[in-house]
Amino acid sequence: MKLKIWSLAALAFTIAIVLFTAASLAAKAQLPTRPSIPAESAIAGLPTIATAPLVEATPTPTPVPTPTPLPPRKATYNKCHVAGSEIAMTFDDGPHPKLTPMLLDMMKERGIKGTFFLVGKNVAEYPEIAQRIVAEGHEVANHSWAHPQLTKLAPDALKKEIADTNDAIHRATGIQTTLMRPPYGAINASITKRLNEEFGLTVAMWSVDPLDWKIRNAAHVTKFITEKAAPGAIILAHDIHPSTVQAMPAVFDTLTAKGYKFVTMSELIALDLPAPIQTTPANTPAGIPAANPAIPPIATPAPPIAPRATPATTIP
Ligand SMILES: [Zn+2]
């Protein structure tokens, strides 16, 4: 009896050993086998095979670049001095219920960005168009509430024109504007100072004016803008006149073909160089005239100005 128990125990032990060995072999068969690498000295002259590490190295965090602070803005910009071929297309007096959406379609089709100087009361009437302007990547800015000549306003009335428009734009779009274009370009030093200091607004003038509010002819608008455009220019137009909006496809396509890049006015200001740069043929895109030489030729003295025969026309 005792012998039988021992025999059974020995048999069970043997079976256990056999099963364990079989299981070990099966597990080993499933493991991926790594090729055996010959030792460096074993095969002389052959390059050693680099093996990939079994555990991936922890990626080192990429350092976050600290943004370069923008140079302080000037009080007023008429144009900018840029090293590239950037240009700012600006549209005043909208949003217009029909023409502004038409213009936005033209810009969207071409991937062109611009700046819209909005009249506050129009924003209050068409907030959804102001929202669309922002949603499509354009800049919105202040052009007063009711388009008065700022220079003729009492201090409180001026404050209301500016603040109400900023509020209307903010309510419609969530944007706090940083630029203000005075209606008719009517501005003086004390209003500029107030806009800068009290409202944090930069005065945005222009360098190319096709007088599109007066000459309601698309061919004229296209010709004037495409001929007068230069790198860093700020182009004035009004998206409340059908002739102006009709002119835009040709303006956009002609200037794009000449190598210009349309940016918003704040983007153009961010590119502004402290002094005019000498444009060389190397960095001038095809079709864009090189900037005037830094040293202008000596001008011949201008003849004395004759008195005007007709009175000067007043700005409407
Ligand atoms: Zn205007």
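**Figure 1. Strand 3 and strand 4 lie side by side in the predicted model, joined by 4 bridges and running parallel.** The structure shown here and in the following views is a predicted model. Strand 3 covers residues 115-118, and strand 4 covers residues 139-142.

**Figure 2. Strand 2 is largely enclosed by the rest of the structure, because 7 of its 7 residues are buried.** This strand spans residues 86-92. Glu86, Ala88, Thr90 and Asp92 point to one side of strand 2, and Ile87, Met89 and Phe91 point to the other. The residues on both sides are buried, the charged residues Glu86 and Asp92 included.

**Figure 3. Strand 2 pairs in the parallel sense with strand 3, with strand 7 and with strand 8.** The pairing of strand 2 with strand 7 has 5 bridges. Strand 2 and strand 3 are joined by 3 bridges, and 3 bridges also link strand 2 to strand 8, which comprises residues 261-263. Individual residues can be followed across these pairings. Ala88 has Val263 of strand 8 as its bridge partner. Asp92 is partnered with His238 of strand 7, and Asp92 also stands opposite Phe117 of strand 3.

**Figure 4. A right-handed β-α-β unit is made by strand 2, helix 2 and strand 3.** Helix 2 consists of residues 99-110. The loop between strand 2 and helix 2 contains Pro95. Gly94 and Pro95 are joined by a cis peptide bond, with omega at about 0°.

**Figure 5. The loop between strand 4 and helix 5 contains Ser144 and His147, residues with positive phi values.** Helix 5 comprises residues 155-173. Phi is near 80° for Ser144 and near 65° for His147. Most residues other than glycine have a negative phi, and most peptide bonds are trans. The surroundings of the two residues can be described by counting C-beta neighbours. Ser144 counts as buried because 24 such neighbours lie inside 10 Å. His147 has 17 inside 10 Å and therefore counts as partly exposed.

**Figure 6. The largest nonpolar core contains 57 residues.** Ile87, Leu118 and Ile235 are the residues with the most contacts inside this core. Helix 8, residues 242-257, gives the most to the core, with 6 residues. Leaving aside residues up to four places away in sequence, Ile87 touches Ala229, Pro231, Ala233, Ile235, Leu255, Tyr260, Lys261 and Phe262.

**Figure 7. Helix 7, residues 218-228, has buried residues that are covered in part by strand 7 and helix 8.** The buried residues of helix 7 are Ala218, Val221, Thr222, Phe224, Ile225 and Thr226. Strand 7, which is part of their cover, spans residues 234-238. Ala250 lies in helix 8. Ala250 and Ala219 are 31 residues apart in sequence, yet the distance between their C-alpha atoms is 9.0 Å.

**Figure 8. The whole protein chain has 9 helices and 8 strands.** Of its 316 residues, 31% are buried. Among contacts with a separation of 6 or more, 78% are between residues 24 or more positions apart. The mean pLDDT of the chain is 81, and 66% of the residues reach 70 or more. Over residues 21-53, pLDDT is below 50, and this stretch has 4 contacts in the model beyond near neighbours in sequence. Residues 292-316 also stay under 50, with 3 contacts beyond four places in sequence. Where pLDDT is low, the predicted coordinates should not be read in detail.

How values were computed. Residues numbered from 1 in each chain as written. Predicted model: local features only at pLDDT ≥ 70, side-chain atom pairs only at ≥ 80, totals over all residues. Helix = DSSP H or I, 4+ residues; strand = E, 2+ residues; numbered from the N terminus. Buried ≥ 20, exposed ≤ 12 C-beta atoms within 10 Å, placed from the backbone. Contact = placed C-beta atoms within 7 Å. pLDDT = per-residue confidence, 0-100. Core = buried A, V, L, I, M, F, W, Y, C linked by C-beta atoms within 7 Å. Pairing = 2+ DSSP bridges. Right-handed = clockwise from strand over helix to strand, strands pointing away.
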